[in-house]
Amino acid sequence: MKWEQTVRDGETSTPMIAQWRRLKEAHPDALLFFRMGDFYELFFADAVNAAPALEVALTRRGKDRGEEVPMCGVPVHAVETYLHRAIRKGFKVAVCEQMEDPAEARRRSGKTLVERGVVRLITPGTLTEDALLDPLQHNWLAALALERDRAALARVDLSTGRFETEALDRDGLAAALARLAPAELLAPVERLQDPLLARQLREVSDRITPIAQVRFDPGVGARILKARFGLADLAPLGELERAELGAAGALVDYLELTQKSGGFRLDRPVRIDDGALLQIDPATRRSLELLRGPDGDRAGSLLAAIDRTTSAIGARLLARRIAEPAARHELIRPRADRVAVLVEDDRLCHALRALLAGMPDPERPLARLAAGRGGPRDLRALGDAADRAGKAGALLQGGPGCLAILLPDLLGLEELAERLLTTLAEPAPLRVEDGGLLQPGVDAEYDRLVSMRDAGRSHLDGFEQRLRQETGIGNLKIRHNGMLGWYVEVPAAQEGRVPPDFIRRQGLAGAVRFTTAELQALERALGEAADGAQARACEIYQALCQEVLARAGRLRSAAAALAELDVAAGLAELARSGGWVRPELVDEPVFAIEAGRHPVVEAALKANGEPFVANDCDLAPDQRLWLLTGPNMAGKSTFLRQNALIVVLAQAGAFVPARSARIGLVDRLFSRVGAADDLARGRSTFMVEMLETSTILARATERSLVVLDEIGRGTSTWDGLSIAWAVVEHLHDKVRCRGLFATHYHELTHLAASLPRLALHRVKVQEWQGSIVFLHEIGKGVAESSYGIHVAALAGLPKPVLNRARQVLAKLERNEAKGTAARLAHDLPLLALLEEPAEDPEPPADPLRVLLESVDPDSLAPKEALDLLYRLKQAASS
């Protein structure tokens with residue numbers, strides 16, 4: 001329906017605009033995508049706000065209440081592109097569809113305004129379309145509920161139907177939210193008045209949706225869950241805490257509000273045991289760059305460096321394993337067993353990887369079909385996945401127990417796979433209405449109707465040729481549109497040659513359109529055959545959908561088993577190609593890594609043809625805390641991070657980059673490496689450092705691993721040294737954890753005399769011709785110097801500055817200027833240095849050195865060599 005047909009100049013309002021206003025009033029905070037034929041239109045403020053974000057033209061047409069109406073539109077066939085832009089720009093979208101066919105409405109009741117209704121609200125957490133989602137990551141919608149000192153998170157990935165709940169202590173909330181990283185977080189609006197909680201939530205999610213506290217009521221939540229899953233009692237869901245009931249109920253309630261048709265699928269909620277996971281706080285996740293690299297995207301992260309999966313479901317599972325490493329043997333062992341088997345069985349590993357390569361994602365198509373938003377391609381994808389599941393099961397027959405345990409989930413779908421793959425055309429159409437759904441020979445009735453339809457079109461071609469001959473109008477054409485159906489079109493200048501039995505339908509500027517009795521008969525036959533074929537295709541499609549949904553549980557189990565195989569095979573390939581080993585995980589508080597390496601740095605160096613220098617790390621009970629000294633750029637931070645990453649990999653069930661590894665299970669991992677500020681929230685680098693250090697000291701236990709780099713550097717020397725001193729003592733005496741502590745405060749090395757389990761280590765360097773060479777090796781002892789001036793020279797500081805720095809350093813080392821800041825300031829004539837840049841305080845050059853440096857011994861003739869000796873003797877005596 002075109003704008004010109006509904007809004008006329010001078011009108012104060014139209015039925016269509018009145019309809020739009022009613023729908024908009026019900027969804028004031030969303031862009032209303034208003035369906036009009038082949039376009040979604042946006043009007044008034046929606047159009048003004050959306051046009052630049054969607055990168056479409058803003059126009060003004062018609063009048064409403066005396067003013068031109070701003071509008072913009074996007075085509076239906078490309079709507080996903082524009083939805084993606086809108087969501088990324090922070091908009092919520094209300095999709096308004098035509099609830100009846102316009103032509104049918106006109107025929108039935110003469111209506112010119114069709115019924116419309118909002119069928120769906122689209123938010124960052126409720127996306128299901130592949131074009132709007134990252135295939136390698138879960139898209140979590142989460143809800144947070146708080147009850148006294150307890151908190152709970154409920155989360156749903158609507159694109160797969162996965163539903164989980166988690167109850168935890170309030171002090172573990174930050175770590176849980178950071179692990180989850182929800183695309184959208186529902187929170188009680190009253191709780192968001194707490195500045196501390198609001199800041200904590202904003203740090204982990206860009207989209208916080210305030211919800212009234214009443215929607216988090218545990219009693220209401222229990223009733224919602226019972227109704228959703230058809231339960232008389234919640235016992236089958238486990239012993240859910242009050243906060244869990246409130247969070248889960250609010251989440252389901254929000255989905256029922258936004259998914260207007262109610263057509264969304266949810267698994268029964270699964271409880272996540274917070275104590276079964278390695279706890280990693282937000283700062284540590286940022287420091288270790290587990291899922292996001294330094295630029296905030298996937299590149300440069302641990303996940304990017306180790307991902308060898310070949311399917312989307314495998315990639316999502318691997319991302320979750322890295323985000324949520326386990327902390328219990330019973331979870332880690334079977335994962336590592338599968339990797340170990342495939343490392344040993346190279347043939348099976350390669351066969352599985354070849355089988356799974358390029359497999360369509362089965363989870364998201366299944367969720368779309370359950371929600372009534374699927375299509376033939378989703379069915380075809382599920383048939384492909386079911387087929388590969390059967391073939392994977394065949395490969396695992398008679399194999400090791402850790403793989404054979406997956407067989408019940410992989411087998412049993414062969415018949416469904418064959419039916420889907422032999423019924424649906426390849427490639428399958430996007431929609432049933434597009435035609436070409438079935439392969440030839442699948443259904444005799446469908447084939448007969450398609451043959452009649454195609455024959456009718458051939459008759460139309462022959463009819464067109466006959467009319468040209470009979471009328472003598474060479475450019476006569478038979479065409480079709482949605483308003484007239486099939487018609488005969490001739491140029492306006494040729495209208496006089498049209499036979500009298502032609503029935504005039506429409507006159508245009510340059511052409512006239514007619515119909516005939518024969519054409520109407522052909523059209524009826526063609527329409528009946530086309531409609532019959534379409535109806536038969538829809539019938540078969542619906543039957544296939546019902547068959548698939550009846551096996552939805554089995555398909556989800558098969559998808560989960562295929563994801564496990566993909567992850568295991570990918571990690572096995574990584575271990576085999578990189579020389580990684582299976583870590584020995586024990587309960588004793590040990591940490592013995594031989595020739596450990598940083599997986600991300602090693603991959604980057606390898607790409608440039610450079611080797612990585614491996615290092616040992618042994619945090620035995622008698623030396624559980626290492627104090628590491630050495631210059632910047634020598635590799636301290638890399639060494640600290642690589643040992644933390646080895647823990648993540650080991651407890652995710654992967655092999656690790658080392659010659660050997662024996663690790664006592666870590667309950668909490670803390671890493672404070674690298675400087676950062678938070679100026680937007682008024683936090684300096686030092687304040688951020690102190691906040692993060694405070695969290696570590698408060699939450700670390702004897703089973704934790706703590707990695708700290710240069711604590712205290714953000715303040716004065718003596719303040720920083722005092723803080724670092726106290727932190728080392730607290731970690732050693734009170735926390736008693738395993739730890740690595742890197743510092744430039746050499747005074748801290750004296751603590752080794754009073755702290756028996758503090759071990760001194762250094763990063764080795766080699767001085768050479770006035771400069772230093774970084775060896776990137778870790779050894780026992782204390783670094784002789786921080787070599788700061790050498791590093792400054794490598795960075796290109798001006799020579800006058802470097803020479804003055806050497807003079808000041810010499811005085812400091814001789815204690816000549818101890819505590820005399822004024823004297824140092826007087827001795828450093830900065831203004832004079834800037835005013836006289838040409839002055840070089842370097843000592844005069846040694847003439848003998850200058851002379852020798854100018855000589856090339858290999859090119860000297862005997863006579864020239866003798867002359868050089870005389871010149872050297874003369875220079876030495878002068």
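Select Lys92 and Asp29 to start. In this predicted model, their side chains form a salt bridge, with N and O 3.1 Å apart. Lys92 sits in the loop between α3 (79-88) and β5 (93-98). Asp29 sits in the loop between α1 (15-26) and β1 (31-36). The pair therefore ties together parts that lie 63 residues apart in sequence.

Is Lys92 buried or exposed? Lys92 counts as buried, because its relative accessibility is 13% and the cut-off for buried is under 20%. Asp29 is exposed, at 55% relative accessible area.

Move on to Arg120 and Glu129. Their side chains also meet in a salt bridge, 2.4 Å from N to O. Here both residues are buried.

Now select Glu692 and Arg286. What do they form? They form a salt bridge, and its closest N and O atoms are 3.7 Å apart. This pair links distant parts of the chain. Glu692 belongs to helix α24 (residues 685-699), Arg286 to helix α9 (residues 282-288). The two are 406 residues apart. Check the surface again. Glu692 counts as buried, at 16% relative accessibility. Arg286 is exposed, with 52% relative accessible area.

For the next stop, select a whole group: Arg155, Arg162, Glu164, Glu166, Arg179, Asp274, Arg316, Arg320, Glu324, Asp361 and Glu363. What joins them? Salt bridges that share partners connect these residues into one network.

Finally, zoom out. How many salt bridges does a search of the whole structure find? The search finds 54.

Key. Residues numbered from 1 in each chain as written. Predicted model: local features only at pLDDT ≥ 70, side-chain atom pairs only at ≥ 80, totals over all residues. Heavy atoms only, no water. Salt bridge = Lys/Arg side-chain N within 4 Å of Asp/Glu carboxyl O. Helix = DSSP H or I, 4+ residues; strand = E, 2+ residues; numbered from the N terminus. Buried < 20%, exposed > 50% of the residue type's maximum accessible area, 1.4 Å probe, protein only.
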